[in-house]
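Colleague: I am new to this structure. Can we go through the features one by one, starting with the packing?

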Amino acid sequence: MLDRAEIRRALRSGDWSTVLQVLVRETGASQTDIAVAVGISQPHVSRLLNGQSKEPGIRTVRALCDGLGIPRPLAGLLDDQEDDTNRRQFLAGTAGASGIALVGTVAGAVPVESQDEERLLTIPSATYRRLEQRLPSRSLIAPVSAHLALIRQLAARNGHSPAHVRRLFAVLSETAGLAAWLYVDVEDRANARRHYQLATRAAERSGHPLLPAYMQASMGQFAANCGDAAQSVRLVASARHRLPRSAPVIAGIWMDAIEAIALAQVRDRNALNKLDNAETRLARAATDEPVWPWIFRFDERKLAGFRAQAAGSLGQVDVAEKALRIASDPAQAPKPRAVMDLLRADVLVQSGNLDEACRVAAEAFDVGKTYDSERVTRAVADFRNRLGKRSGQAGAALDERLYSNYREDL
């Protein structure tokens, strides 16, 4: 395609409608395929494709070039690090683990399923991320750390093209983010923070338009869940500043939800207003497909989970109860469901139902023990401490479970 005069003319004049129409016609790529490869939202791709957006910003043009394998100079951009290699983006997690090459190189077409290095490195990361739902995080830390060390060695080698190095750093960032999450689950906050920092630095070197903001906001969510509200707000504000104009709507909604949790921790009632605004935007973006690095759709249930957490911190029992009913998902993985159940236990306490609250917390503890999730068992212990002497007999079974944490180690 890049050898054609019409495509080169379109690129020089900024006629992305023509470029994308030819791309769709000849490769069969969907608008979602293009959005994932480029890192912009599907509605934005649609506007470009239909000629409704005629003057995309420089960041968007860079993302289009890099995601579709178009050398930047052909689109009028100067980049002394560009080369003629295919610039493939990878899809992580459950979205898949194969590279996507929509255009290829000037020298000729590149098969979509070519076995390049970064694709092979992505497959273990995606596998470990899926296994995390079924296995104790502690059992995955060693293999994920070894895989991360291998990626760092490969990224540090000399002789790679600049484009290849950037792709390796994208894989490095995603894998470091996974390692950070595993450390979160075992309550090793120092290592979690260190790996989130590594993930953010690697994302910056990847050149991906969305990945740095995603990783920094993830660290902001980690800070919020650690109770570091002020630091969380600053991290999210910095992440929001990194977002390009073409960022998908889900990015802003997710960041608002994280910030709302932090605000609620300091009893700022603007938290619920922020969630209301996020809900309004979510309704308008309900049909948007998630764009990598956002792998899962941010739907009403997920937003309701954030609302329940914020409302619980603010003592808004009625709001929290309603949000929990919406957030309830029978298909949710056990560990995140246990965390949600602990939110429900807190709300039950505020409504005066201590017996049911302790029963729910005890079940959450059992999940934490089954999956060796220190994050869950620690949260149950914190819940019990907040009860104090109020529990009476209701907390006896819960106390026995918590005591087993120490008795079994003797």
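**Reading the packing, pairs and bridges**

Modeller: Start with Trp16. Apart from neighbours within four places in sequence, Trp16 is in contact with Leu11, Leu48, Pro56, Val61, Leu64, Cys65, Ile70 and Ala75. Contact means heavy atoms within 4.5 Å. This is a predicted model: local features need pLDDT of at least 70, side-chain atom pairs count only at pLDDT 80 or more, and totals for chains, interfaces and linings use all residues. Residues are numbered from 1 along each chain as its sequence is written, and side-chain values use heavy atoms, with hydrogens and water left out.

Colleague: How many residues does the largest nonpolar core have, and which have the most contacts inside it?

Modeller: The general idea comes first. In soluble globular proteins, nonpolar side chains tend to be buried together. A nonpolar core is a set of buried Ala, Val, Leu, Ile, Met, Phe, Trp, Tyr and Cys residues joined through side-chain atoms within 4.5 Å. Buried means under 20% relative accessible area, exposed means over 50%, and partly exposed lies in between (1.4 Å probe, protein chains only). Here the largest core has 70 residues, and Trp16, Ile70 and Phe298 have the most contacts inside it. Helix α12 gives the most to this core, with twelve residues. A second, separate core has 39 residues, including Tyr128, Tyr183, Ala199 and Leu211.

Colleague: What do the helix labels rest on?

Modeller: Helices (H or I, at least four residues) and strands (E, at least two) are DSSP runs, numbered from the N terminus. Take α17. This helix has 17 residues and reaches 24 Å from its first C-alpha to its last, close to the 24 Å expected at 1.5 Å a residue. The expected span is 1.5 Å times one less than the number of residues.

Colleague: Which residues of α17 are buried?

Modeller: Buried residues in α17 include Leu354, Ala357, Cys358, Val360 and Phe365. Their cover includes α16 (334-350), α18 (374-387) and α19.

Colleague: What caps the N-terminal end of α17?

Modeller: Asn353 does, with a side-chain oxygen 3.3 Å from the backbone nitrogen of Glu356. Just after α17, Asp372 takes a positive phi of about 50 degrees.

Colleague: How many aromatic pairs are there in the whole structure?

Modeller: A pair of aromatic rings is described by the distance of the centres and the angle of the planes. Rings of Phe, Tyr and Trp (its six-membered ring) pair if their centres lie within 6.5 Å; planes under 30 degrees apart are stacked, over 60 edge-to-face, and the rest tilted. The search finds five pairs. One of them is Tyr214 with Trp254, a stacked pair at 5.3 Å centre to centre and 25 degrees between the planes. Tyr214 sits in helix α10 (residues 211-225) and Trp254 in helix α12, 40 residues apart.

Colleague: Is Trp254 buried or exposed?

Modeller: Trp254 is buried, at 8% relative accessibility. Trp254 also pairs edge-to-face with Trp294, at 5.7 Å centre to centre and 85 degrees between the planes. Trp294 is buried too, with a relative accessible area of 5%.

Colleague: Where do Arg281 and Asp256 lie?

Modeller: Arg281 is in helix α13 (residues 270-284) and Asp256 in helix α12 (residues 249-265), 25 residues apart. Their closest N and O atoms are 2.7 Å apart. Arg281 is partly exposed at 24% relative accessibility, and Asp256 is buried at 7%.

Colleague: And what about Asp366 and Arg401?

Modeller: Their side chains meet in a salt bridge at 2.9 Å, N to O. Asp366 lies in α17 and Arg401 in helix α19 (residues 396-407), so the pair ties together parts 35 residues apart in sequence. Asp366 is partly exposed at 31%, and Arg401 is partly exposed at 28%. Elsewhere, salt bridges that share partners join Arg240, Asp256, Glu259, Lys274 and Arg281 into one network.

Technical notes
A salt bridge is a side-chain nitrogen of Lys or Arg within 4 Å of a carboxyl oxygen of Asp or Glu. A polar contact is a pair of N or O atoms within 3.5 Å; within protein, one must be able to donate a hydrogen and the other to accept it, and residues adjacent in sequence count only if both atoms are side-chain atoms.
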